Every structure is written in structure tokens, then in C-alpha cells.
Amino acid sequence: MSELAGAVRAALAERGEPVSKLGYFCAPFRPADGPLKDSVIKTYRGGRDPELLELLSRRHDAYVDCLTKAGVRLPKTQFLILHQTGYLQPVIVQDALPEDSLLRPQIETAEIDEALRLLDKAATSIAFFWLAVSNRPERIGYHPSIRNFAVDEDGPIFFDTFPPLIGYSRYEMGQLLLRFSESGLIRGFGRLLPEQIRAIQDEWYSPSGTIIGLVGSAIRLRPDDRDAILDWARNFAASRLTGDMRHEVEAHLARPPRLPALWTGMRSLLGLEGKPNV
């Protein structure tokens, strides 16, 4: 790990333009050269709270293990804590994915039949994840938005492992959302209205909410194909989902889903772009 930490420090010293400006927690970047030139580096807000960060590290390892055991494909993902002067810096190093595999641009540019096929692959993997973790005792979440997926010839790849959505209560996750936000404005807003920040996570812990979020994002990206996307979504719910998840998705699809106003408002406030968060 010391060799990796040294490579990360060198890359941080030569940091270039971020590969995404959407992230709530960080602006990932890919080094132009060096041993990590085929990796994406994600740095998170540092601090002087070693117990919180050590727990975060353990939870991240547990979450990666949970995702993998649930059949979710991940690029190689490593979490480390850099000891900087006066503070500790959480960092994730992840194998970079080919740009042409990222789901968002594929959804935007594909013919509608191909776009629906890609959505079907992503939705199937989401449903399978929730089935796989349904008997686990921990509080487990998943944030499988279009921007957090790639799709290649072998199927979907998920690459958003922060924050690790395992083992934290709703209150604790709300605290993490505040602790690791890069925006002082959001941290100040959250101290005044903490429930508004806590609510950001609710979709991540809702099986039906993650499917509805996928559909809503697809409609936002392709508004002219709204009817075709809704037809696909309704057929998917009726034929591929069961139990409460099916009933909740069908109820939501009675009217076109939209991204939560709170989250779109936050993105607008922070000036975040809707690009893949790799």
C-alpha cells in the first residue's frame, strides 16, 4: 500500500482536469502519465477524525465485498488513507474504464431500441442485486444511476463505491453526506436543515426507488422517447419484478418519474454537470 500511496501523491502533485464535475463528494481525475495513468483517482474531503476514517475504510472494504458477492461487476477498486500534513485524506483508486463503455453517453447517442436494451441490462442487474442482499441483516444501499454504470459486451459495470452504503443508519449516513461534501454551502445548509440532507440517501436504500431513478434519468436524457421508455419500464416491472418492488414501481410509473427536486436543486446549486462520475 505504501507504493500505491507514493504513486497517488505523485499523481496529486500533477493533477490535471477532472474527468467529471458531477460528483457531490469529489472531482475524479485520471493522471496523464505515470504508474496510475490507467486509473481514476477520487480524493475526498480530509480531516482529523481517524476513528471515523478507519471505520469508513473497513465499511468500504465490506461494501466492495457485498457488491461482488451480489454479482455486481466492479473495476479494481482500492481505498486508502493518505497521511497528509495535519490531516488524513481518503482516496479511492480505480481502474479506468473505456470511455465508449460509459452508459450515459451510450444512452444519449444510441438508437432507441439499443438504448432500451442497455436500460434493460442495467435494470436487470439492479433487480438482481436487491434479490441477492435481501436476507442480509445490515442496512445496505445502492446508487445505480445511469452515470454510475458502464456497459460492455459482458454486461453492466458499476463504479460508485463512495460512500459505502453498508452498516450505517440513516442518521449516520446523513452525517457522512455532510462530512464529505466538498461544498461549504451544503455543509452550512445541512447544519440548519439536516433532514433535507439526510433525504438525499433515501432513494439509494429503496429497491423500487433505484429502478424509478434509472427510468427518470433516462427520460431526462431522452425526453422525445419518453413514451417508449415508459412502455419498456412498465413491461419490465410486470415481467421481471415481483412482490413489493413490482407493486411500488408500477405505482410510480402511473405518472412519469422525475429526479427528486431536492437532488436536482442541489446539483444546480453546486453547478454540477450530468456527466459520468468516474
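These legends accompany several close-up views of one predicted model.

Residues are numbered from 1 along each chain as its sequence is written, and side-chain values use heavy atoms, with hydrogens and water left out. Because the model is predicted, local features need pLDDT of at least 70 and side-chain atom pairs count only at pLDDT 80 or more, while totals for chains, interfaces and linings use all residues.

**View 1. The whole protein.** The secondary structure comprises 11 helices and 5 strands; helices (H or I, at least four residues) and strands (E, at least two) are DSSP runs, numbered from the N terminus. Of the 278 residues, 51% are buried. Buried means under 20% relative accessible area, exposed over 50%, and partly exposed in between (1.4 Å probe, protein chains only). The accessible surface is about 13300 Å², with 50% of it belonging to carbon and sulfur atoms; accessible areas come from the Shrake-Rupley method with a 1.4 Å probe, and for residues only the protein chains shown count as cover. Among contacts (heavy atoms within 4.5 Å) with a separation of 6 or more, 69% are between residues 24 or more positions apart.

**View 2. The largest nonpolar core, around F129.** This core has 64 residues, and those with the most contacts inside it are L119, F129, Y142 and W232. Helix α4 (residues 112–133) gives the most to this core, with 11 residues. Another core lies apart from it, with 13 residues, among them A5, F29, L80 and L82. A nonpolar core is a set of buried Ala, Val, Leu, Ile, Met, Phe, Trp, Tyr and Cys residues joined through side-chain atoms within 4.5 Å. Not counting residues up to four places away in sequence, F129 touches L67, A70, V72, I140, G141 and Y142. In soluble globular proteins, nonpolar side chains tend to be buried together.

**View 3. Helix α5 and its surroundings.** Helix α5 spans residues 170–180, and its buried residues are M173, G174, L176, L177, L178, R179 and F180. The buried residues of α5 pack against α2 (50–69), β3 (87–95), α6 and α7. Q196 is in helix α7 (residues 194–198) and is partly exposed, at 35% relative accessible area.

**View 4. Salt bridges.** The structure holds 15 salt bridges, each a side-chain nitrogen of Lys or Arg within 4 Å of a carboxyl oxygen of Asp or Glu. E108 and R104 form one of them, at 3.0 Å from N to O. Both belong to helix α3 (residues 103–109), where they are 4 residues apart and so separated by about one helical turn. E108 is partly exposed at 36% relative accessible area, whereas R104 is buried at 9%. R222 and D225 meet at 2.9 Å, N to O, and R222 is buried at 12% relative accessibility. D38 and K37 are bridged with their closest N and O atoms 3.6 Å apart; D38 is partly exposed at 44%, as is K37 at 40%. R170, E195, R198 and D202 are linked in a network of salt bridges.

**View 5. A nonpolar surface patch.** F189, L192 and L193 form this patch, with about 300 Å² of accessible area together. Patches are made of residues with over 30% relative accessible area and no salt bridge; like charges are joined within 9 Å, and nonpolar side chains (Val, Leu, Ile, Met, Phe, Trp, Tyr) within 5 Å. L192 is in helix α6 (residues 184–192) and is exposed, at 71% relative accessibility.
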